[in-house]
Amino acid sequence: MTSLQDDTPPHLHQADLHDASGREAVFSDAISTLKTIASNIHVSLDDVPVAILEGRITAVIGLSVTIEGMSHLTGIGDRLTLMGLDGRETDAEIIGFRGKEAIAMPFGPLDGLGAGCKAVFHLYPTAQRSVRAGAALTLNDGLIGRVIDPIGCPIDGRQPLSPKGRACNLRARPPEAALRARLGPRLTLGVSALDLFTTCREGQRLGLFAGSGVGKSTLMGMLARNCDCDVAVIALVGERGREVREFLEDDLGSEGLAKAVVVVATSDAPPLMRREAAYTATTIAEYFRDQGKSVLILMDSVTRFCHALREIGLSSGEPPATRGYPPSVFAELPRLLERAGPGLPLDGKPAGQITAIYSVLVEGDDHNEPVADAVRGILDGHVVMDRRIAEAGRYPAINVLRSLSRTASGCNTPEENFLVQEARANMAIWDDIQDVVQLGAYREGNDARSDLALRLAPQLETILRQSRPEYRSLEDSFLALRNVLASQGIHQ
Ligand SMILES: Nc1ncnc2c1ncn2[C@@H]1O[C@H](COP(=O)(O)OP(=O)(O)OP(=O)(O)O)[C@@H](O)[C@H]1O
Ligand SMILES: [Mg+2]
């Protein structure tokens, strides 16, 4: 094992260290020596670092620390350990470089860290590096029914998780676009307003857009319990701590939890933990998808994931651009969201699918704010929740006319498409005339279409209204819609 204290060991040329191949070449001798030793003493080389680097913290500013002594041999995303003045160890990740100094952000509080504190980095052989550096999680089926933190440790007070399983890359690339399976059949979400007006297919990705307090989390809870999937992976990213138990006990319940994995990083967690919650949940969903399962991933909220990225980007010295978000946020967002969706075809079996529903907090009810805009452009559909509807007491407060599923018409029968179009057309007319009706200025008999919309409005409202514990199958929802329209003489 080699211990390096300085930036550049005296026997190395600077040029060697500046590129990745030079960096690996430096350690090839050490690796081959270790391979010989490991094979003789039956130790897995995976567990043996080829070098331990020590650096020193030079400054602690805001949420980040700068470290000297490891700039040439580390890269973005490498994980290291910071040794506090009180002897406490804190894991950290390198998020940038300034000159010869590395900028790192800790996974825990910064308390006890100061200038001069030691930073330790274990360098492992290239092939194992991502696993050793913490950029991979070992997953197994025992995760189902468990509540974990973003680094994979259970937080439900039950037995520890088995360390055995498949090592899955937390930063995996999405399956090759040209080889990916197509979307699967339509999926029952169990909420009439969504099943009818934004019908969702297996492998589709939908966004739930709403201002604060309009009912995103409550709707997510209904979906977690009602959706017809094999496994549900739920990521609670940066939301309130109080809501976690409420979600587990009231929304999910023991029946929902029996087929779910819940990943939690509350709002007080450091930004790296909030970011990792989204990656961990996506990686777990991929693990089950690759077994051919139909997986639902619910992320509440992707806005908080972007807030975490913003804090990390700004701490690494990136300039703020749109509404304080540095450009890297909008580069990283599609890398996460594109990982959901269909998997690669499996031998003789249909491909697994990740159906994804991401909640987006639209700040100040501005649906064109940058995160909402970016997410809407990436996903395959959007569900808009409206404060006016919530204030009128109709939950879930979904504004059907502003919501869209880009794949709905392709998975419904022609009759179902007809029913949905008729209902939408009548709701649009009702939307135009309702102010006049409420003022008492509407006169029936002048326009037959408006009269029909007026008669249909309360009946359609009944279909859209759904209490929290209620489950409705997709077939029942279409039957109810068919009956409502038929009662006014509308049928194909
Ligand atoms: N289906 C529903 N039935 C009755 N009340 C509801 C329903 N959905 C939401 N509410 C009411 O709206 C409140 C806020 O809901 P919720 O916490 O789901 O909103 P949110 O959009 O997630 O808010 P935030 O952005 O602050 O996280 C709830 O406390 C509840 O009073
Ligand atoms: Mg919420």
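Trainee: How many bridges join strand S4 to S7?

Mentor: In this predicted model, strand S4 covers residues 79-83 and runs antiparallel to S7. Within that pairing, Leu82 stands opposite Ala119. The number of bridges joining S4 to S7 is three.

Trainee: Which residue in S7 is the bridge partner of Ala51?

Mentor: S7, residues 118-123, is also joined to strand S2, residues 51-61, by six bridges. These two strands run antiparallel. In S7, the partner of Ala51 is Leu123.

Trainee: What distance should helix H13 span at 1.5 Å a residue?

Mentor: H13 takes in residues 414-439, which is 26 residues.

Trainee: Where does H13 bend?

Mentor: The bend is about 50°. The residue at that point is one of the buried residues of H13, a list that also includes Phe418 and Met427. The buried residues pack against elements including helix H14 (448-464) and helix H15 (474-487). The bend is at Ile433.

Trainee: Which residue just after H13 takes a positive phi?

Mentor: The phi just after the helix is about 80°. The residue is Gly440.

Trainee: How far is an oxygen atom of ligand 1 from an N or O atom in the side chain of Thr218?

Mentor: Thr218 is among the residues that come nearest to ligand 1, together with Gly213, Lys216, Ser217 and Arg240. A polar side-chain atom of Ser217 lies 2.8 Å from a ligand oxygen, and a polar backbone atom of Gly215 is 3.0 Å from one. For the side chain of Thr218, the distance is 2.5 Å.

Notes:
Residues numbered from 1 in each chain as written. Chains lettered and ligands numbered in written order. Predicted model: local features only at pLDDT ≥ 70, side-chain atom pairs only at ≥ 80, totals over all residues. Heavy atoms only, no water. Pairing = 2+ DSSP bridges. Helix = DSSP H or I, 4+ residues; strand = E, 2+ residues; numbered from the N terminus. Expected span 1.5 Å × (residues − 1). Bend = angle between axes of the 7 residues up to and from the residue. Buried < 20%, exposed > 50% of the residue type's maximum accessible area, 1.4 Å probe, protein only. Contact = heavy atoms within 4.5 Å. Near = heavy atom within 4 Å. Polar contact = N/O pair within 3.5 Å; in protein donor to acceptor, adjacent residues only side chain to side chain.
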